[in-house]
Amino acid sequence: MTHRCGTIGIAGRPNTGKSSLLNRVVGQKLSIVSSRPQTTRHLVTGIVTQPDCQYVFVDAPGQQSQSRSALHRTLNRRATQAARDADVALFLVEAGRFGPDDRRVLDAIPAGQKVIAVVNKIDTVRKHADLIPFLERLSRTRAFEAIVPVSAKTGRNVPALLKALREALPEGPPAYPADQLTDRDERFFAAELLREKLFEGMGEELPYRCEVLIESFREEGRLRRIEATILVERASQKAIVIGAGGERLKRMASAARKDMEKLFGGKVYLGTWVKVRKSWTDDARVLRQLGYE
């Protein structure tokens with residue numbers, strides 16, 4: 001059987017489930033997930049290897065409707081980069097919902113690009129028949145290679161999505177070893193897991209201009225010793241992150257440490273500090289440190 005291999009750029013407005021889909025198909029938590037939009041900030045590669053095909057998925061940030069800072073302008077570039085540069089673009093929409101923001105994301109994908117539409121969150125649709133008119137309307141927005149309804153939450157129809165992707169990918173040998181799941185290192189995932197706990201632990205209180213910088217990552221035998229700084233822009237935000245008596249920060253750091261130990265397969269020491277860095281989202285030097293430039 002002919003072997004296929006190629007890149008698949010995942011595109012969609014915030015909160016369509018791009019990161020959840022990546023985690024589902026790879027079978028490992030690579031992209032952090034929260035109920036809040038604009039969670040994903042970096043390009044995250046997830047690799048799925050089967051006997052006849054290697055799928056190289058690239059998750060990207062959702063398109064930002066307001067791009068006032070240098071950070072948000074970078075995120076907007078990344079939002080379309082993955083789909084534009086890939087062999088196949090996956091365009092994600094929510095079942096029953098296609099609005100102006102979805103239209104803008106779809107229009108940003110080049111006209112000559114192969115696109116598969118993924119209708120996510122079908123687990124929220126009561127009757128399958130209710131989805132048919134939406135699929136028909138979606139099919140008229142572009143000449144898709146395929147339209148595949150899925151549920152990233154339950155895994156429903158994911159095998160059908162992989163089948164459709166295989167047919168669209170080019171022939172070629174594997175680009176990565178069969179046991180490799182991503183091209184990101186542990187340092188990257190340490191920062192992402194801590195940032196995820198900030199989203200989970202603070203909800204609406206979390207300032208969007210909040211980021212995690214790994215200052216030090218050392219392996220001492222089976223122990224990973226990690227020192228992390230949480231950047232905020234104002235002293236009032238620092239107080240919110242730390243919480244009364246430092247309990248909120250301790251709780252979030254403990255949860256992140258447990259996830260790191262599960263992912264890395266070993267003990268982790270995690271030291272965390274909160275620092276005020278005014279206007280860091282417009283500071284080119286800080287953005288380079290954080291991997292945005």
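Reply: Let us begin with accessibility: a residue is buried under 20% relative accessible area, exposed over 50%, and partly exposed in between, with a 1.4 Å probe and protein chains only. The model is predicted, so local features need pLDDT of at least 70 and side-chain atom pairs count only at pLDDT 80 or more, while totals for chains, interfaces and linings use all residues. Residues are numbered from 1 along each chain as its sequence is written, and side-chain values use heavy atoms, with hydrogens and water left out.

Me: Why does Asn157 count as partly exposed?

Reply: Its relative accessibility is 33%, so Asn157 falls in the intermediate class too. Asn157 lies in the loop between E6 and helix H5 (158-168), and its phi, near 70°, is again a positive value in a residue other than glycine.

Me: What makes Ile214 a buried residue?

Reply: Ile214 has a relative accessible area of 9%, which is under the limit for burial, and therefore it is classed as buried. Ile214 is found in strand E7 (residues 211-220), where helices (H or I, at least four residues) and strands (E, at least two) are DSSP runs, numbered from the N terminus. Taking contact to mean heavy atoms within 4.5 Å, and leaving aside neighbours within four places in sequence, Ile214 is in contact with Arg187, Ala190, Ala191, Ile226, Glu227 and Ala228. Of these, Arg187 is 27 residues apart from Ile214 in sequence and 7.0 Å apart in space, C-alpha to C-alpha.

Me: What makes a set of residues a nonpolar core, and which residues have the most contacts inside the largest one?

Reply: The term requires buried Ala, Val, Leu, Ile, Met, Phe, Trp, Tyr and Cys residues joined through side-chain atoms within 4.5 Å. The largest such core has 53 residues, and those with the most contacts inside it are Phe57, Leu90, Ile116 and Met260. Its largest share, eight residues, comes from helix H6 (residues 186-202). Apart from this core lies another, of 18 residues, among them Phe91, Ala95, Val105 and Leu106.

Me: Why are E2 and E6 described as standing at the edges?

Reply: Two strands pair if DSSP finds at least two bridges between them. Six strands form an open sheet in the order E2-E3-E1-E4-E5-E6, with mixed pairing. Strand E2 (44-50) and strand E6 (146-149) each have a single partner strand, so one side of each is left without a neighbour in the sheet.

Me: Which residues bring H7 and H8 into contact?

Reply: Ile240, Val241 and Ile242 in H7 meet Glu247, Arg248, Leu249 and Met252 in H8.
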